[in-house]
Amino acid sequence: LFNEYMVELRKQEKEEKALRREQARKQFIELLKEHTEIDRHTRWPEIKKKLDHDSRYKAVDSSTLREDFFIDYIRILKDERKKEKEREHKEKDKHSHKRDKRDKEEKESSAKVDSKHDDKSPEKQKEEAKDSKDSKDSKEARIEASLKEREKEVQRTLAVHLKHRENEREQHKHDEAVVHFNALLADLVRSNDMSWKEAKRQLRKDSRYELVDSLDSEEKEKLYKVHVEELSKRKKEKFREMLNEISDLTLDSSWKEIRKSIKEDVRYVRFSSSDRKCEKEFREYLKDRMITAKNEFKNLLMVNY
């Protein structure tokens with residue numbers, strides 16, 4: 001029984017060793033395939049130095065086995081090259097046969113055409129030649145007409161493109177002029193009491209005014225009005241902000257009383273040089289305060305009710 005066990009054990013070890021060897025061989029062949037510089041003329045001493053750092057090289061524990069595996073791989077390459085040449089020869093013979101057959105058919109067809117041509121009368125031949133020339137002339141005329149139409153289409157497309165570019169350029173110039181004019185207004189028109197006529201006279205004195213020549217008078221006046229409205233809005237906000245800060249201001253306060261307490265405030269000075277305008281805005285402020293107070297009182301009554 002012991003002897004049988006030992007025989008079976010050795011057999012199993014031999015099979016496992018053969019399996020490991022075959023696995024190492026496959027991996028070694030894969031390593032060789034990855035090196036594309038290896039061909040059927042490569043020699044083992046030339047290539048082994050490029051492989052010895054790889055784990056698949058080291059997995060084959062015998063230098064003799066490595067060389068044997070390499071020789072097997074070279075044999076495979078040679079066999080593949082041989083088969084490839086055979087396929088090339090077959091393809092070449094196949095194409096040659098097809099070409100010979102095609103040449104034969106073309107000769108037969110040409111002979112038939114020549115035979116038919118010889119059978120035709122001179123008048124018939126002249127008529128066919130004329131038809132062929134007319135057909136050729138007609139084809140050339142169509143080609144020329146097509147080229148002319150294409151040229152016209154290109155010219156139309158180019159004209160549209162150039163017009164679009166010109167419009168963009170003009171729009172850019174216009175936008176730049178608007179920016180320059182708004183900068184002039186910001187620097188020179190700081191009072192909303194200044195009329196357009198006075199503002200225009202003031203603006204023309206500045207050397208930058210020539211940068212806005214592309215704007216017409218109507219557009220300049222519109223930009224001026226927008227600027228003045230914005231000035232008025234900001235000054236009004238500051239003026240009312242100032243009034244809100246007066247602790248003893250009530251709904252029955254008089255302008256005369258309030259003016260004494262604000263006359264030194266810069267927000268009062270900047271609002272307007274006209275005392276009448278300041279008083280008018282003060283009264284508008286009181287009116288708005290009265291409306292707000294009434295609405296708040298009504299809301300309070302509704303909540304309590």
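**α7 against α10**

I looked up where α7 meets α10: Lys 236, Phe 239, Arg 240, Leu 243 and Asn 244 on the α7 side touch Cys 278, Glu 281, Phe 282, Glu 284, Tyr 285, Asp 288 and Arg 289 on the α10 side. Contact here means heavy atoms within 4.5 Å. I sorted these residues into five nonpolar, one polar and six charged. For that, Ala, Val, Leu, Ile, Met, Phe, Trp, Tyr, Cys and Pro count as nonpolar, Asp, Glu, Lys and Arg as charged, and the others, Gly among them, as polar.

Note on the source: this is a predicted model, where local features need pLDDT of at least 70 and side-chain atom pairs count only at pLDDT 80 or more, while totals for chains, interfaces and linings use all residues. Residues are numbered from 1 along each chain as its sequence is written, and side-chain values use heavy atoms, with hydrogens and water left out.

Helix α7 covers residues 217-244, and its axis comes within 11 Å of that of α10, crossing at roughly 65 degrees. Axes are lines fitted to C-alpha atoms, for helices over the stretch in contact, and angles run from 0 to 180 degrees between N-to-C directions. The α7/α10 crossing is right-handed, i.e. the near helix is turned clockwise from the far one by less than a right angle. Helices are DSSP runs (H or I, at least four residues), as are strands (E, at least two), numbered from the N terminus.

**α8 against α10**

Next I checked α8 (residues 255-262) on α10 (residues 275-304): the angle is about 110 degrees and the axes are 11 Å apart. The two are therefore roughly perpendicular, a label for angles of 65 to 115 degrees. This crossing is right-handed. Trp 255, Ile 258 and Arg 259 of α8 meet Asp 275, Cys 278, Glu 279 and Phe 282 of α10. I count four nonpolar, no polar and three charged residues in that contact.

**FF spans**

UniProt (unreviewed entry) puts "domain: FF" at 21-76 and 231-288; such annotations may be inferred rather than shown by experiment. I get 64% helix, 0% strand and 19 Å between end C-alpha atoms for 21-76. For 231-288 I get 72% helix, 0% strand and 21 Å.

**Arg 56**

Arg 56 sits in α3 (residues 55-58). Its side chain makes a polar contact with that of Glu 34 at 2.9 Å (N or O atoms within 3.5 Å, one able to donate a hydrogen and the other to accept it).

Notes. Angles under 35 degrees count as roughly parallel, over 145 as roughly antiparallel, 65 to 115 as roughly perpendicular and the rest as oblique.
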